Structure formats: C-alpha cells, structure tokens
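Subject: Structure for your review: aromatic pairs and nonpolar cores

Dear colleague,

Please find the structure below, handed over for your own work.

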Amino acid sequence: MPSLSAQDTPFQDGEQLNYEIHYKYGIVMVKAGAARYRVSSSQYGHKQAFKTSLDFKTSSFFDKIFKVRDTLDSYMNFDLQPMYHKRSINEGSTKFIEELFVKKHSKMFSEVRVRRATVNAVKFDTLLTAENRGYDILSIFSFARTLDFSNMQSGQSFPLTTFVGKRKVNMIVRFMGQSIIEKSETIKYRAFRIEVDIVDEVFNESKSAMEIWISDDENRVPLKLKAKLKIGAAEANLTSYKGLKYPLTSEVRITPRK
C-alpha cells in the first residue's frame, strides 16, 4: 500500500471543495443537498495538525422530507495519522455529538475511544479495536488522497477499518486504475477510480458499496463519490474549489464545435 510522504501532502491550509449531493428519488436523481469540505492548519493536544471539516445540509426540497444539518471535524498529525474526530449530528429529531479519540494507530493495530452524548445524557463511552489501520469516516478521504497511485496496479487492494458509533466497519479498498469523468460537454477530468467494499447495515450491498474518483494530478482532489445505500443511491460531485496547493492539471477544457 504505497503512500506519499508527509512532506508531499496534496492538500494545504485554506483548501475548500464544494459539492452537490444527489439522491435517487424513485427513478430519477434529484438534488438532495450540498457539502463543503475544508482543510486548515490547527492544533490538537498541543500538537500541530491538519484539520478537515465537512458540512452537509439538505436542500429546501429535502428539508420538507428530512432536514439534515451535519458537521464532521477530523484532526490528523503531520505524519498523517488520525488523532481525533467529532460528529455533530442534527437529522430531524435526532441530535447528538459523537467524539472519537485515537489511542493507537498502526498498520497492524488500532484502538479508539468513542463517546456519544445528547444534551441530556451520555449514550455510550466505549473502546474499539481493529487489527489494521483504523480511521474515522472523514479521515479516510485524507488517507485516500495520500496514496501513491503511480506505484499501484489496477485491482490491488488492502483492508481498512472505520469506526461509526459503537460499530467497527470492515472495508476493502481497491484501486481500479485511471478513468475519465465528464463534468459537462466542455469540461472533463482525468481521475483515479477507487472501489470500496463495506460490510455495514446501511449499505445495500457490501461489494463496491462506494466508488471514489480522485483527480489525476498533485492535488488528489475527490471529484466524485457514489454510494449504494439501503435507502437509495447517493452521488456527490465537485462543483467548485479554491485554495488548492497545486494547479488542477487533471481538468481538461474542450472547445465546443461550432
């Protein structure tokens, strides 16, 4: 599992990526909401860290069905190891804060403490372990961006674990080689495609439960994501960006024929 060195991180302080989220409602894909992903330099436990944040909110149409206002924050040290994760969940009548404290993290073993609390009570406070690299759901994307795809072969795979609530979720990450994404008639992206097998109850099927397209340039920007959820298919597409560390050379603009 080749990865980039800490000095070659593809992101920097000030990066912001904006996404539109679509959901398969019946037989059509409709806009379900928007997400904003940010990277900043920060500190955790008096140590320098990268902080990544993801804010998601449903559209006015979906607010009438099920209103969501969620925020995820994750901290990784400059060696790109996860340190802390916080989920602030506000979904309909469900509201809680979940914290994940990373106690140990290595290729062979991970241990985390997970605590969930509402305004009125602590729902649980427990330890979880995994016999491989363990990540929170947000830092997985930072990890995927640091993979050295130039030294990977199509079909190459490796196991990971993510922690969600009191569950440890087994994942197989599989590199599927290069791909092309068509954003519009005039804009395309060169990308690397990753498939993720996820053994968890929220996904319709574990095989290729998620697909991620990452830009084929030094930024390694997540361009597109598709997930096969039990409640339907979801898709996220990059709509705009700023503060990238390098030029987005994977973007190809085509002059339309007259």
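The following paragraphs set out what was found.

Please note that this is a predicted model, and every value below was computed from it.

Aromatic pairs

The count of aromatic pairs comes to 13. One of them joins Phe149 and Phe175: the ring centres lie 5.3 Å apart and the planes meet at 25 degrees, which is under the 30 degrees cut-off, so this pair is stacked. The two residues belong to distant parts of the chain, 26 residues apart, with Phe149 in the loop between α2 (139-145) and β10 (157-164) and Phe175 in strand β11 (residues 167-182). Phe149 has a relative accessibility of 2% and therefore counts as buried. Phe175, at 4%, counts as buried as well.

Phe149 also pairs with Phe192. Here the centres are 4.7 Å apart and the planes are at 25 degrees, so this pair is stacked too. Because Phe149 lies in the loop between α2 and β10 while Phe192 lies in strand β12 (residues 187-199), the pair ties together parts that are 43 residues apart in sequence. Phe192 is buried, its relative accessible area being 6%.

Elsewhere, one aromatic cluster is formed by Tyr44, Tyr75, Tyr84 and Phe101.

Charges over rings

Two cases may be of interest to you. Arg116 sits over the face of Phe96, 3.9 Å from the ring centre. Lys224 sits over the face of Trp213, at 5.2 Å from the ring centre.

In soluble globular proteins, nonpolar side chains tend to be buried together. In this model, the largest nonpolar core contains 47 residues, and those with the most contacts inside it are Tyr19, Phe149, Ile194, Ile212 and Val221. Strand β12 supplies the largest share of this core, with 7 residues.

What does Phe149 touch, leaving aside residues up to four places away in sequence? Its contacts are Ala144, Phe175, Phe192, Ile194, Ile214 and Arg220.

Yours sincerely

Key. Residues are numbered from 1 along each chain as its sequence is written. This is a predicted model: local features need pLDDT of at least 70, side-chain atom pairs count only at pLDDT 80 or more; totals for chains, interfaces and linings use all residues. Side-chain values use heavy atoms; hydrogens and water are left out. Rings of Phe, Tyr and Trp (its six-membered ring) pair if their centres lie within 6.5 Å; planes under 30 degrees apart count as stacked, over 60 as edge-to-face and the rest as tilted. Helices (H or I, at least four residues) and strands (E, at least two) are DSSP runs, numbered from the N terminus. Buried means under 20% relative accessible area, exposed over 50%, partly exposed in between (1.4 Å probe, protein chains only). A charge sits over a ring if NZ of Lys or CZ of Arg is within 6 Å of the ring centre and within 35 degrees of the ring normal. A nonpolar core is a set of buried Ala, Val, Leu, Ile, Met, Phe, Trp, Tyr and Cys residues joined through side-chain atoms within 4.5 Å. Contact means heavy atoms within 4.5 Å.
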